[in-house]
Amino acid sequence: MKSPQIRVCARSILAGRAMAEPLLALNEVCAGYGGSIVLEGISLELPERGSLAVLGRNGVGKSTLLLTIMGYTNVTHGTVRWRGEEITARLPHRRARAGLGWVPQEREIFPSLTVAENLTVASRPGHWDLKAVYELFPRLAERRANMGNQLSGGEQQMLAIARALMTNPLLLLLDEPLEGLAPIIAEELTASISRMTADHDIAVVLIEQHAEVVLSLTRDAIVMERGVIVHRALSRDLLNDATTLDRLIGLRASKVNNDRA
Ligand SMILES: Nc1ncnc2c1ncn2[C@@H]1O[C@H](COP(=O)(O)OP(=O)(O)OP(=O)(O)O)[C@@H](O)[C@H]1O
Ligand SMILES: [Mg+2]
């Protein structure tokens with residue numbers, strides 16, 4: 001006799017629906033550093049090619065969420081699944097090999113390597129090669145022979161993202177990529193990120209202080225407060241919901257209102 005599980009599968013196939021596993025799924029995850037818990041009961045799912053904005057005030061655990069997805073924190077409860085497989089205890093380098101790409105808040109590029117060397121050092125076969133990342137970031141093509149420490153902040157950020165792309169990830173985690181950048185460079189980088197997600201088979205989780213930017217770049221959004229998810233919405237709905245934005249992230253939401261006034 002068939003198990004209930006198999007019967008459910010058979011029904012679903014008969015109904016013509018693929019049982020697509022999410023690319024990434026966190027279920028009731030509690031995680032932190034050493035003995036201290038930062039994330040409490042985080043559940044979320046991201047489909048292939050999905051895009052998720054992570055919003056929240058300073059210190060609420062946004063970076064810790066990305067660190068947890070990459071395997072750098074201490075998970076005390078819950079599970080992390082990648083393409084249906086549990087990876088809760090998997091080491092970070094093995095997650096990277098499985099297709100998780102991460103650009104940390106501190107852009108960690110190699111200062112004494114050239115732009116081209118920074119890019120090729122981590123490359124893996126796939127769409128994203130030198131030609132493709134130079135097309136996405138023409139500024140890096142111009143600077144290809146410069147050393148990492150000769151780049152502006154914006155160019156360093158582009159290099160950090162391009163280097164992560166060279167590993168040909170299925171998911172890219174971006175932690176405040178626009179932080180500290182001059183407006184014109186931030187705009188250029190936003191356009192590149194937008195092209196990257198629109199034109200290619202890549203999913204993104206994007207943390208950003210500028211709510212209006214991140215919500216226009218993503219499909220789904222979560223807002224965090226003290227280690228928990230306090231709001232979930234479609235990004236376009238949240239972008240138009242100034243009251244909720246104002247309540248949950250305050251000043252940044254006021255900026256949206258001002259920009260729209
Ligand atoms: N390496 C660490 N060891 C111990 N505690 C940490 C560590 N990194 C962060 N924390 C703590 O975890 C909490 C969440 O920090 P996190 O950096 O994830 O917040 P965030 O939302 O990314 O903040 P920001 O907007 O300032 O980048 C904070 O209380 C912080 O002090
Ligand atoms: Mg952070």
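Which element supplies the largest share of the shell around ligand 1? Helix α2 does, with three residues. This is a predicted model. The protein holds 12 helices and 10 strands. Buried residues account for 39% of its 261 residues. Among contacts between residues at least 6 apart in sequence, 67% join residues at least 24 apart.

**The ligand shell**

- Ligand 1 is surrounded by Tyr-33, Ser-36, Val-38, Gly-56, Asn-58, Gly-59, Val-60, Gly-61, Lys-62, Ser-63, Thr-64 and Gln-105.
- By type, the shell residues divide into three nonpolar, eight polar and one charged.
- Two elements, β2 (36-46) and α2 (62-70), each supply at least two residues of the shell.

**Helix α2**

- Eight of the nine residues of α2 are buried, so the rest of the structure largely encloses this helix.
- The buried residues are Lys-62, Thr-64, Leu-65, Leu-66, Leu-67, Thr-68, Ile-69 and Met-70.
- Lys-62 and Thr-64 also belong to the residues around ligand 1.
- Gly-71 follows α2 and has a positive phi, near 95°.

**The four-strand sheet**

- This open sheet has the order β2-β1-β4-β5, with antiparallel pairing.
- The edge strands are β2 and β5; each has a single partner strand, so one side of each is left without a neighbour in the sheet.
- Helix α2 packs on this sheet and touches β1, β2 and β4. Its direction makes about 70° with that of β2.
- Strand β1 (residues 24-33) and strand β4 (residues 74-82) run antiparallel and are joined by seven bridges.
- In that pairing, Ala-31 stands opposite Val-75 of β4.
- Strand β5 (residues 85-86) pairs with β4 over two bridges, again in the antiparallel sense.
- Here Trp-82 stands opposite Glu-85, and Arg-81 has Glu-86 as its bridge partner.
- The hairpin of β4 and β5 has two residues between the strands. Arg-83 in this hairpin takes a positive phi near 50°.

**The six-strand sheet**

- A second open sheet has the order β6-β7-β8-β3-β9-β10, and its pairing is mixed.
- At its edges stand β6 (100-103) and β10 (228-234), each with a single partner strand, so one side of each lacks a neighbour in the sheet.
- From one strand to the next, the twist averages 15°.
- Strand β6 runs parallel to strand β7 (residues 171-175), and four bridges join them.
- Val-103 stands opposite Leu-174 in β7.
- Helix α2 packs on this sheet too, touching β3 (51-56), β6, β7, β8 (203-207) and β9 (220-225). The helix direction makes about 150° with that of β7.
- Helix α11 (residues 242-249) lies across β3, β9 and β10. It runs at about 160° to β10.

**The nonpolar core**

- The largest nonpolar core has 71 residues.
- Val-54, Leu-66, Val-133, Ala-162, Leu-173 and Leu-206 touch the most other members.
- Helix α7 (residues 153-165) contributes the largest share of this core, seven residues.
- Leaving aside residues up to four places away in sequence, Val-133 touches Leu-119, Trp-128, Leu-140, Ala-162, Leu-165 and Met-166.
- Leu-66, listed above among the core residues, is one of the buried residues of α2.

**A closer look at Ile-229**

- Is Ile-229 buried or exposed? Ile-229 counts as buried because it has 20 C-beta neighbours inside 10 Å, and 20 or more is the cut-off for a buried residue.
- Setting aside residues up to four places away in sequence, Ile-229 touches Ile-42, Ile-222 and Met-224.
- Ile-229 and Gly-56 are 173 residues apart along the chain, and 9.3 Å separates their C-alpha atoms.
- Gly-56 is one of the residues that surround ligand 1.

How values were computed
Residues are numbered from 1 along each chain as its sequence is written. Chains are lettered from A and ligands numbered from 1 in the order in which they are written. This is a predicted model: local features need pLDDT of at least 70, side-chain atom pairs count only at pLDDT 80 or more; totals for chains, interfaces and linings use all residues. A residue is near a molecule or strand if its C-beta atom, placed from the backbone, lies within 6 Å of it. Ala, Val, Leu, Ile, Met, Phe, Trp, Tyr, Cys and Pro count as nonpolar, Asp, Glu, Lys and Arg as charged, and the others, Gly among them, as polar. A residue is buried if 20 or more other C-beta atoms lie within 10 Å of its own, exposed if 12 or fewer, and partly exposed in between; C-beta atoms are placed from the backbone. Two strands pair if DSSP finds at least two bridges between them. Two residues are in contact if their C-beta atoms, placed from the backbone, lie within 7 Å. Axes are lines fitted to C-alpha atoms, for helices over the stretch in contact, and angles run from 0 to 180 degrees between N-to-C directions. A nonpolar core is a set of buried Ala, Val, Leu, Ile, Met, Phe, Trp, Tyr and Cys residues joined through C-beta atoms within 7 Å.
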